[in-house]
Amino acid sequence: MTEAVTDRTINGIPFIDFGDFGDGSSPAALAIGRKFFAACKDTGFAYLTNTGMPQAAIDEMFHWSRKFFALSEADKMSAPRPKEGWWHRGYSGVGKEQGSQNEYDPVKLAALRKTSPDYKESFDLGSPAPGARLPNVFPPPHVLPGFQDACLAFFGAGRALQGTVLTALALGFENAAMPPDFFAPFHTEAANQVRLLHYPPAPLSSFLSGERGRVVAHTDFGTGTLLFQDPADTRGGLEVETRADEWVRAPPIQGAVLFNIGDLLMRWSNDVLRSTTHRVTGVFAPKDGAAADEDEIVEGRFSIPYFMGPNANAVIDCIEGCYDPADPSSKKYAPITASEYIDMRMTANYA
Ligand SMILES: O=C(O)CCC(=O)C(=O)O
Ligand SMILES: [Fe+2]
């Protein structure tokens, strides 16, 4: 590990090299934790390299994602997302708002443009443990043999990386009394969600006009997100809002996993850690500085966010060291269980 590698940034997003992290007990691991914590505090996003998660596992999941989304609509709908808004499992088709493409009333169009319907389809899965809060919804095995096993293997690989990331964060905390395994007991249920995302190709003009969008500006809800971007994707689409309210690109980087802090960890840390706003766009700067070609078809995009969440009944109360014990009013938030918080956010989202 050299300073040159760990000091690398792209558009202000730092790279954190986990190559020397090991089991987290060495001075090198402590240094990595401190750097990672600083990134999560300042930027809220970091590119993690040499994480120990095999690139082959990531490539394999993108391979299966491509296969799944290439299925017929009927086959994909053999694993339909349940109607309950909070049951994030199975397949969700390209936005229902598509019908409004044929809206010509200028007032309605203006309103629509503000909302930019998400032009994407997704497949969600979570813990396969018996009794998991949200049972998985997979297609029957004959529809895509091997898909379920591949998804669950990826779920497990991501969970291992989650362990490393949470240990690094605890090590880096400015509260020296925090044990390195502080977060572990809060995450025993693997209340995580893998989301295979596919943004289909579409004319650039439809993104420029606002008729189509990909993902509107948002923050993620949970502890944090590991975002796997497609190594074969040359254009990306993810943008991150800086402290100066500017949008910067967070392009796919071969061999790196993008991490970002979620709202629940921001609250848990009394706003010390930053849950940073981000979005996915289909509008790109023209290649080679050429004028925008509105007839151009923007290529499809695949990405895989891995949302990490605490156990449903975990009580999220301000982490020691993030407030002044002599001044109770310095604690900005009351204790809340993870499920109360997530349900509150979901309800707001669906209102
Ligand atoms: O597709 C991406 O790169 C990011 C998607 C995202 O931010 C999300 O699903 O929360
Ligand atoms: Fe997100």
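# A sheet, an iron ion and a ligand

Trainee: In this predicted model, which residue of strand 12 does Thr225 stand opposite?
Mentor: Strand 12 covers residues 256-261 and pairs with strand 9 in the antiparallel sense, over four bridges. The residue of strand 12 that stands opposite Thr225 is Asn260.

Trainee: Which strands stand at the edges of the open sheet, each with a single partner strand?
Mentor: The sheet has nine strands with mixed pairing, in the order 1-2-3-12-9-15-6-5-4. A strand with a single partner has one side left without a neighbour in the sheet, so the edges are held by strand 1 (9-10) and strand 4 (90-92).

Trainee: What spacing do the donors of the iron ion follow along the chain?
Mentor: The iron ion is ligand 2, and its donors are NE2 of His218, OD of Asp220 and NE2 of His278, at 2.1 to 2.3 Å. Written along the chain, the spacing is H-x1-D-x57-H.

Trainee: How many residues apart are Asp220 and His278?
Mentor: Asp220 lies in the loop between strand 8 (215-218) and strand 9 (224-229). His278 belongs to strand 13, so the pair links distant parts of the chain. Their separation is 58 residues.

Trainee: Is Asp220 buried or exposed?
Mentor: A residue counts as buried when its relative accessible area is under 20%. Asp220 has a relative accessibility of 7%, so Asp220 counts as buried.

Trainee: And is His278 buried or exposed?
Mentor: The cut-off for buried is again under 20%. The relative accessibility of His278 is 6%, so His278 counts as buried.

Trainee: Of ligand 1, what percentage does the protein bury?
Mentor: Start with the polar side-chain atoms: one of Tyr199 lies 2.6 Å from an oxygen atom of ligand 1, and one of His278 lies 3.1 Å from an oxygen atom of this ligand. An N or O atom in the side chain of Arg301 is 2.4 Å from a ligand oxygen. Taken alone, ligand 1 exposes 300 Å², and the part of that buried by the protein is 95%.

Trainee: Which strand gives the most residues to the shell around ligand 1?
Mentor: The elements that give two or more residues are strand 6 (193-199), strand 13 (278-280) and strand 15 (301-308). With four residues, the one that gives the most is strand 15.

Trainee: How many residues of that shell are nonpolar?
Mentor: The residues around ligand 1 include Leu197, Val280, Pro305 and Phe307. Three residues of the shell are polar and two are charged, while the number of nonpolar ones is six.

Notes. Residues are numbered from 1 along each chain as its sequence is written. Chains are lettered from A and ligands numbered from 1 in the order in which they are written. This is a predicted model: local features need pLDDT of at least 70, side-chain atom pairs count only at pLDDT 80 or more; totals for chains, interfaces and linings use all residues. Side-chain values use heavy atoms; hydrogens and water are left out. A residue is near a molecule or strand if one of its heavy atoms lies within 4 Å of it. A polar contact is a pair of N or O atoms within 3.5 Å; within protein, one must be able to donate a hydrogen and the other to accept it, and residues adjacent in sequence count only if both atoms are side-chain atoms. Accessible areas come from the Shrake-Rupley method with a 1.4 Å probe; for residues, only the protein chains shown count as cover. Ala, Val, Leu, Ile, Met, Phe, Trp, Tyr, Cys and Pro count as nonpolar, Asp, Glu, Lys and Arg as charged, and the others, Gly among them, as polar. Donors are N, O and S atoms within 2.8 Å of the metal (3.2 Å for Na, K and Ca); water is not among the atoms, so sites may look incomplete. Buried means under 20% relative accessible area, exposed over 50%, partly exposed in between (1.4 Å probe, protein chains only). Two strands pair if DSSP finds at least two bridges between them.
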